[in-house]
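Subject: Structure handover

Hello,

Here is the structure you were expecting. Please have a look, then read my notes below.

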Amino acid sequence: MADCVCLPKCPFFFDKMSSMPAMADIYKTNYCQGDNSNCARYAVYCKMGSGSVPIGLFPNETAKAEVFLAENGF
(Lines give C-alpha, C1' and ligand atoms only; values in the text may rest on other atoms or scores of the structure.)
Protein backbone atom coordinates (compact mmCIF):
# COMPACT_ATOMS: atom_id res chain seq x y z
CA MET A 1 0.00 0.00 0.00
CA ALA A 2 1.02 3.58 -0.54
CA ASP A 3 1.60 6.21 2.11
CA CYS A 4 -1.42 7.98 3.58
CA VAL A 5 -2.62 10.85 1.41
CA CYS A 6 -2.49 13.10 4.48
CA LEU A 7 1.14 12.41 5.35
CA PRO A 8 2.84 15.14 3.27
CA LYS A 9 0.88 17.91 5.01
CA CYS A 10 -0.08 16.27 8.31
CA PRO A 11 0.08 18.98 10.99
CA PHE A 12 0.54 16.31 13.65
CA PHE A 13 4.03 15.56 12.37
CA PHE A 14 4.99 19.11 11.50
CA ASP A 15 3.69 20.66 14.73
CA LYS A 16 3.19 18.11 17.50
CA MET A 17 6.05 15.73 16.66
CA SER A 18 8.61 18.10 15.15
CA SER A 19 10.84 17.90 18.23
CA MET A 20 10.61 14.09 18.44
CA PRO A 21 11.72 12.73 15.04
CA ALA A 22 12.42 9.18 16.27
CA MET A 23 8.94 8.86 17.79
CA ALA A 24 7.43 10.45 14.68
CA ASP A 25 9.10 7.78 12.54
CA ILE A 26 7.57 5.04 14.69
CA TYR A 27 4.09 6.54 14.30
CA LYS A 28 4.61 6.96 10.54
CA THR A 29 5.68 3.33 10.17
CA ASN A 30 2.73 2.04 12.20
CA TYR A 31 -0.05 4.34 11.02
CA CYS A 32 0.88 6.22 7.84
CA GLN A 33 2.90 3.94 5.62
CA GLY A 34 0.90 1.09 4.21
CA ASP A 35 -2.35 0.26 5.98
CA ASN A 36 -3.63 3.43 7.66
CA SER A 37 -7.04 2.00 8.59
CA ASN A 38 -6.09 2.01 12.30
CA CYS A 39 -5.11 5.68 12.36
CA ALA A 40 -7.44 7.80 14.49
CA ARG A 41 -6.49 10.95 12.57
CA TYR A 42 -7.28 9.30 9.24
CA ALA A 43 -10.66 8.13 10.54
CA VAL A 44 -11.64 11.71 11.42
CA TYR A 45 -10.24 12.99 8.12
CA CYS A 46 -12.35 10.51 6.14
CA LYS A 47 -15.56 11.50 7.91
CA MET A 48 -15.10 15.24 8.47
CA GLY A 49 -12.26 16.47 6.27
CA SER A 50 -8.74 17.64 7.01
CA GLY A 51 -9.72 20.89 8.71
CA SER A 52 -11.66 19.01 11.37
CA VAL A 53 -8.92 16.73 12.67
CA PRO A 54 -7.91 17.88 16.16
CA ILE A 55 -4.22 18.84 16.17
CA GLY A 56 -3.64 17.02 19.46
CA LEU A 57 -5.17 13.74 18.30
CA PHE A 58 -2.53 11.02 18.19
CA PRO A 59 -2.78 8.30 15.53
CA ASN A 60 -3.28 5.62 18.19
CA GLU A 61 -6.18 7.40 19.94
CA THR A 62 -8.97 5.58 18.13
CA ALA A 63 -11.33 5.67 21.13
CA LYS A 64 -10.89 9.43 21.39
CA ALA A 65 -11.56 9.76 17.65
CA GLU A 66 -14.74 7.71 17.97
CA VAL A 67 -16.00 9.98 20.75
CA PHE A 68 -15.09 13.07 18.72
CA LEU A 69 -16.91 11.73 15.67
CA ALA A 70 -19.98 10.79 17.73
CA GLU A 71 -20.09 14.25 19.29
CA ASN A 72 -20.11 15.69 15.78
CA GLY A 73 -22.89 13.44 14.47
CA PHE A 74 -20.82 10.76 12.75
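Start with glutamate 61. Glutamate 61 is partly exposed, at 25% relative accessible area. (Buried means under 20% relative accessible area, exposed over 50%, and partly exposed in between, with a 1.4 Å probe and protein chains only.)

Some ground rules before the rest. This is a predicted model, where local features need pLDDT of at least 70 and side-chain atom pairs count only at pLDDT 80 or more, while totals for chains, interfaces and linings use all residues. Residues are numbered from 1 along each chain as its sequence is written, and side-chain values use heavy atoms, with hydrogens and water left out.

**Glutamate 61 and its partner**

Glutamate 61 sits in the loop between α3 and α4 (62-71). Helices here are DSSP runs of H or I with at least four residues, strands are runs of E with at least two, and numbering starts at the N terminus. Which residue does glutamate 61 form a salt bridge with? The partner is lysine 64, with the closest N and O atoms 4.0 Å apart. (A salt bridge is a side-chain nitrogen of Lys or Arg within 4 Å of a carboxyl oxygen of Asp or Glu.) The structure holds one salt bridge. Lysine 64 is partly exposed, at 48% relative accessible area.

Setting aside residues up to four places away in sequence, glutamate 61 touches Ala40 and Gly56. Contact means heavy atoms within 4.5 Å. Valine 5 is 56 residues from glutamate 61 in sequence, and their C-alpha atoms are 19 Å apart.

**The chain as a whole**

The chain has four helices and zero strands. From the N terminus, the order is α-α-α-α. For 74 residues, a compact globule would have a radius of gyration near 11 Å; the chain has 12 Å, which agrees. (That radius is taken over C-alpha atoms, and the globule rule is 2.2 Å times the number of residues to the power 0.38.) Along the principal axes, the C-alpha atoms fill a box of roughly 35 × 25 × 20 Å.

Of the 74 residues, 30% are buried. Take the contacts with a separation of 6 or more: 50% of them join residues 24 or more positions apart. The accessible surface comes to about 4,600 Å², and carbon and sulfur atoms hold 55% of that. Areas come from the Shrake-Rupley method with a 1.4 Å probe; for residues, only the protein chains shown count as cover.

Helix α2 covers residues 21-32, and its buried residues are Ala24, Tyr27, Tyr31 and Cys32. Seen down the axis, they fall within an arc of 75°, so they line one face of α2. The arc is that of the directions from the helix axis to the C-beta atoms. Their cover includes α1 (11-16).

Phenylalanine 13 is in α1. Is phenylalanine 13 buried or exposed? It is buried, at 7% relative accessibility. Beyond its neighbours within four places in sequence, phenylalanine 13 contacts Leu7, Ser18, Ala24, Tyr27, Lys28 and Cys32. Lysine 28 is 15 residues from phenylalanine 13 in sequence, and the C-alpha distance is 8.8 Å.

Now the surface. Isoleucine 26 also belongs to α2, but is partly exposed, at 46% relative accessible area. With Met20 and Met23, Ile26 makes a nonpolar surface patch of about 270 Å². (Patches take residues with over 30% relative accessible area and no salt bridge; like charges are joined within 9 Å, and nonpolar side chains, meaning Val, Leu, Ile, Met, Phe, Trp and Tyr, within 5 Å.)

**From α2 into α3**

Glycine 34 follows α2, with a positive phi near 95°. Asparagine 36 lies in the loop between α2 and α3 (40-48). Asparagine 36 is buried, at 12% relative accessibility. Leaving out neighbours within four places in sequence, asparagine 36 contacts Cys4, Tyr31 and Tyr42.

The buried residues of α3 are Ala40, Arg41 and Val44. They cover an arc of only 100° around the axis, which puts them on the same side of α3. Their cover includes α1 and α4. Glycine 49 follows α3, and its phi is positive, near 95°.

Best wishes
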